[in-house]
Amino acid sequence: MGVSTALFLARGGARVTLVDAAPAICAGASRWNEGKIHLGHLYAADPSLRTAQRLLPGGLAFRPLVESLIGHSLAPAISTSSDLYLVHRRSVVDADTTGRYYDAVTALAASHPAAARYLQPIGAARAERLDDRTLDALTNRTEIVAGFRVPERSVSTRWVADRLAAAVAAEPRIDVRLSTRVTGLTTGPAGFDGPLTIVTAHGSEGPFDAVVNALWEGRVALDTAAGLAPPAAWSSRYRVAVFLETAAPVTTPNAVIATGPFGDVKNYDGRSLYLSWYDTGLLADGSGPAPPAVPHLDDLAASRLADAVIAQLGGLLPEVADLPSRTASRQVAGGWVVAAGHGALDDPASTLHRRDRIGLTRHGRYLSVDTGKYSVAPWLARAVADALL
Ligand SMILES: Cc1cc2nc3c(=O)[nH]c(=O)nc-3n(C[C@H](O)[C@H](O)[C@H](O)COP(=O)(O)OP(=O)(O)OC[C@H]3O[C@@H](n4cnc5c(N)ncnc54)[C@H](O)[C@@H]3O)c2cc1C
């Protein structure tokens with residue numbers, strides 16, 4: 001979010017200082033996630049369609065915006081098959097209701113004026129329900145009760161992160177401050193109308209004409225330090241997944257186990273895979289404005305976690321159970337998922353099943369942006385840059 005905003009601002013003629021607590025840019029959640037470019041199918045527990053409607057324009061704009069930022073086609077990063085959504089017997093939404101929701105979301109996406117910009121043609125305006133023979137071949141039918149093919153795809157987020165970092169390095173109007181944690185904001189004589197100074201662990205920096213808070217896990221704490229009221233309910237979860245490379249191409253399907261605290265498999269190019277199982281990969285979970293501490297995973301703990309994720313997914317998808325014998329390397333990594341809302345994902349009433357309350361809040365020249373999802377970040381960044389330019 002911060003990197004895309006900085007690039008749009010710099011290319012619009014602004015001088016930008018990009019500040020990151022980490023020793024490298026593009027090293028947080030945006031490097032280590034599944035890269036699903038949402039059309040809205042994941043949010044079947046929000047039947048109002050508000051989440052799908054909120055996420056859709058950003059998902060459709062992702063490809064052209066990222067291609068303009070990195071100066072390269074996104075094609076090599078896009079997963080090579082459409083996602084299968086497999087409904088678990090403990091899903092918080094039953095299979096028929098899920099099917100109707102997927103049809104509604106697919107129709108919404110297919111009829112959107114920007115539909116042609118998506119990662120792939122959206123095609124038919126309905127989700128395809130898988131027949132029993134296909135499901136029997138793909139899944140463990142005692143756990144999976146239905147399956148749907150939807151037109152969603154994902155991107156390899158490491159591929160994108162490397163190219164965004166290169167674009168920043170090549171941009172003379174961006175000054176980068178690494179290993180610099182922002183802890184506060186000092187407003188000017190005109191309050192948030194500036195000029196504004198940021199307080200960092202190394203002292204203060206500025207004054208700036210405007211400050212954009214795109215700190216994701218650090219955003220609410222900075223808003224609070226700046227005197228803004230924190231949201232009523234806020235959740236910060238640190239999630240890790242397995243990033244695995246195979247020795248030879250595999251046909252493991254792109255699949256989401258829906259809807260609840262289950263898992264996902266992404267096969268980006270036949271050899272580079274993402275595997276997650278929700279409970280196993282959840283390392284920290286907090287509800288305050290600042291994120292909780294994350295326990296350190298040593299190599300042995302990381303390896304055990306990867307084994308457990310593969311075993312859990314492998315119990316549902318036989319092709320995943322075959323991966324250990326085909327693995328060349330694997331890494332456990334992740335980042336923060338922060339969201340307005342609370343509750344457990346196995347509770348249909350949890351407010352974490354909706355993700356429509358995201359985006360930009362503006363106080364004078366201080367802009368705070370809740371990214372919400374990776375898939376909408378470039379689109380929100382464009383809006384933030386436009387608001388400032
Ligand atoms: C396992 C996992 C899977 C996910 N899957 C998907 C998916 O499939 N599709 C999707 O759309 N989204 C997904 N997400 C969510 C997605 O990753 C995030 O919404 C998105 O990456 C957030 O982007 P960001 O730029 O706001 O945060 P980040 O990329 O994390 O960047 C935030 C930056 O702020 C810096 N920072 C934080 N606090 C401070 C501070 N106080 N001072 C200075 N710097 C600070 C951090 O170092 C970091 O570099 C997933 C997340 C996880 C963890």
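User: Where does Ser179 lie, and why is it called partly exposed?

Analyst: In this predicted model, Ser179 belongs to the loop between strand S5 (174–177) and S6. Its C-beta atom has 13 others within 10 Å. A residue is exposed at 12 or fewer and buried at 20 or more, so with 13 Ser179 counts as partly exposed. Its phi is near 50°, which is positive although the residue is not glycine.

User: What makes S6 and S8 edge strands?

Analyst: The open sheet has three strands in the order S6-S7-S8, paired antiparallel. Strand S6 (182–186) and strand S8 (203–208) each have a single partner strand, so one side of each has no neighbour in the sheet. From one strand to the next the twist averages 25°.

User: Which peptide bonds are cis?

Analyst: One of them runs from Gly194 to Pro195, with omega near 0°. Pro195 lies in the loop between S6 and S7. Another cis bond joins Ala258 and Thr259, where omega is about -15°. Thr259 sits in the loop between strand S11 (255–258) and strand S12 (263–267).

User: Why is S13 described as largely enclosed?

Analyst: Five of the six residues of strand S13 (residues 272–277) are buried, so the rest of the structure largely encloses this strand.

User: What makes S10 and S12 partners of S13?

Analyst: Pairing needs at least two bridges. S10 and S13 have four, antiparallel, and five join S12 to S13, also antiparallel, so both pairs qualify. Glu245 stands opposite Ser272 in S13, and the bridge partner of Lys266 is Tyr274 in S13. The hairpin of S12 and S13 has four residues between the strands, and in it Gly270 takes a positive phi near 95°.

User: Why is H2 called roughly perpendicular to H10?

Analyst: Helix H2 (residues 50–70) and helix H10 (residues 377–388) pack at an angle of about 75°, with their axes 7 Å apart. Angles of 65 to 115 degrees count as roughly perpendicular, so H2 is roughly perpendicular to H10. The contact includes Pro57, Gly58 and Ala61 of H2, and Pro378 and Trp379 of H10. By class, the contact has nine nonpolar, one polar and one charged residues.

User: Which residues are closest to the ligand, and which strand supplies the largest share of the shell?

Analyst: Of the 33 residues surrounding the ligand, the closest are Gly28, Ser30, Asn33, Lys36 and Gly218. Strand S10 (234–246) and strand S15 (327–340) each supply at least two residues of the shell. The largest share, three residues, comes from S15. By class the shell divides into 14 nonpolar, twelve polar and seven charged residues.

Notes. Residues are numbered from 1 along each chain as its sequence is written. This is a predicted model: local features need pLDDT of at least 70, side-chain atom pairs count only at pLDDT 80 or more; totals for chains, interfaces and linings use all residues. Axes are lines fitted to C-alpha atoms, for helices over the stretch in contact, and angles run from 0 to 180 degrees between N-to-C directions. A residue is near a molecule or strand if its C-beta atom, placed from the backbone, lies within 6 Å of it. Ala, Val, Leu, Ile, Met, Phe, Trp, Tyr, Cys and Pro count as nonpolar, Asp, Glu, Lys and Arg as charged, and the others, Gly among them, as polar. Angles under 35 degrees count as roughly parallel, over 145 as roughly antiparallel, 65 to 115 as roughly perpendicular and the rest as oblique. Two residues are in contact if their C-beta atoms, placed from the backbone, lie within 7 Å.
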